[in-house]
Amino acid sequence: MEQNYQSHYPTHVADQQKRWERALEAEDFMAALIHSGSPIQSFMDDYEYDFRPNPHFLSWLPLTRHADSALLVVPGQKPVLFYYQPEDYWHLPPADPEAWWADHFEIEVVRDPLQWQKRLKKDLPDADLKLGDVAAIGDSPVLGELFDSKWLNPKGLITRIHLTRTRKTPYEVACMDASARLAARAHVEAERAFMEGCSEYEIHMRYLAACRHTDAQLPYHNIVALNANSAVLHYQHRELRAPDQSLSFLIDAGCTFNAYTSDITRTYARQPGEFAELISAMDAMQRELTGQVCAGLDYKGLHLLAHRRIAELLETFKLIKVPAEEAVVTGLSGVFYPHGMGHFLGLQTHDVAGLIDNDGNDIDRPDGHPFLRLTRELEAGNVLTIEPGLYFIEPLLKKWRDEHDANDINWSKVDELAPYGGIRIEDNVVVTEGGCDNLTRRAFAEL
Ligand SMILES: [Mn+2]
């Protein structure tokens, strides 16, 4: 695995160089200074919040915890990395650069986090930073001291780079594959903990141990939900005590590998029965949706197909008393499935440029679907999630009962299944010309 992603890295860096050169030229910049970011401290205290580098910096370099470093990209030149390695005895400074990535950069190990300013003035003596010859990318407060705000994260340049990030390079796919494999291993351990009757807290800790991540290394806060908690879409707690009876378990959890994320959801029932059957039906439906993915597919259409399929399940399991088609038209399917079907995935869990076309213009969401995060036509190299869900969400059910025809819903059936919360099944797929490569299912299968 290691060999695999490292062998793709030289081409990845060459590709980065090309895409930045093109974008800089199109936007009339001589260079870009990409800053990794600076740690943030709690107010009037010396506690440092968990640090996450600027994703534009991470797209060049696998330096997942390197604050106050900066990369200078000048067309036609080897990129210069100001590698911040302070002399510090309170914290452990970053280790020396490793050859597999470092060989592709001109590296300046710096003790002064502002060394890049001197180099910038030396390398580009004619550049007038106030006139925007150099674009600065990042959110470190130090950038504001040198750059006019107009040239800090200029929108046109950012949009062009974001669009290039929608098509992953082989290096990026290899990292995301590694990330999926780590997460699959941890998911299996979490399932085991659930079957043993563990609490949400215990399951979460077993997950972390299995993938050898700290909480801060996770791409997003794990959702570890037992019973009705799984109907809370972004359930944020981990109860210390196990419930008297564990009926169901929803886990939405990923990993990171060189900052590339996985984002996987599975749902389990403790015992056979109707909820377990509903999980199986959702799983088959999720596989059918995944089977539709290929280059050229309009993702909006797939999201709408998911609504039809969920409405059909609601009808088959007698949860609603109206035909599936009517449930889609009236919005009743949205009571049970109120989120979007998925999103781009990459250096960010909700990766960039899901809602614009290749010219940078907005692509509207379909009417009545305000939470969809991806509206594009899919292209080979896109990596995205497919995550339909079906939940018994008290406030949404109540709203329907108050504002629509209460007889549309089979309440006795809903009451029977509500203690199980809900179901979501989420895979990560790489779009190919003729279909897709399901990183998640393969990772589980090959464990
Ligand atoms: Mn997701």
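# How the terms apply to this predicted model

Analyst: Of the 447 residues in the chain, 44% are buried (20 or more other C-beta atoms lie within 10 Å of the residue's own, placed from the backbone; exposed means 12 or fewer, and partly exposed lies in between). This is a predicted model, in which local features need pLDDT of at least 70 and side-chain atom pairs count only at pLDDT 80 or more, while totals for chains, interfaces and linings use all residues. Residues are numbered from 1 along each chain as its sequence is written.

User: How do you know whether the radius of gyration of the chain agrees with that of a compact globule?

Analyst: The radius is taken over C-alpha atoms, and the globule rule is 2.2 Å times the number of residues to the power 0.38. With 447 residues, the rule gives a value near 22 Å; the chain has 24 Å, which agrees. Along its principal axes, the C-alpha trace spans about 75 × 45 × 45 Å.

User: How many helices and strands does the chain have?

Analyst: The chain has 15 helices and 15 strands, counted as DSSP runs from the N terminus (helices are H or I, at least four residues; strands are E, at least two).

User: What makes β1 and β5 a pair, and in which sense do they pair?

Analyst: Two strands pair if DSSP finds at least two bridges between them. Strand β1 (residues 31–35) and β5 have 4 bridges and therefore pair, in the parallel sense. Within this pair, Ala-32 has Ala-135 of β5 as its bridge partner.

User: Why are β4 and β5 called edge strands?

Analyst: The open sheet of 5 strands has the order β4-β3-β2-β1-β5, with mixed pairing. Both β4 (106–110) and β5 (134–137) are edge strands: each pairs on one side only.

User: How do you know whether the reach of helix α8 is close to the expected span?

Analyst: The expected span is 1.5 Å times one less than the number of residues. Helix α8 (residues 200–211) has 12 residues, and its 17 Å from first C-alpha to last is close to the 16 Å expected. For α7, with 26 residues, the reach of 37 Å is close to the expected 38 Å.

User: Which residues of α8 are buried, and what do they pack against?

Analyst: They are Glu-200, Glu-202, Ile-203, His-204, Tyr-207, Ala-210 and Cys-211. The buried residues of α8 pack against α7 (170–195), β6 (223–226) and β7 (248–253).

User: What describes the packing of α7 and α8?

Analyst: Two packed helices are described by the angle between their axes and the distance between the axes. For α7 and α8, the angle is about 150 degrees and the axes are 8 Å apart. Among the residues that make the contact are Leu-182 and Ala-186 of α7, and Ile-203 and Tyr-207 of α8.

Key
Two residues are in contact if their C-beta atoms, placed from the backbone, lie within 7 Å. Axes are lines fitted to C-alpha atoms, for helices over the stretch in contact, and angles run from 0 to 180 degrees between N-to-C directions.
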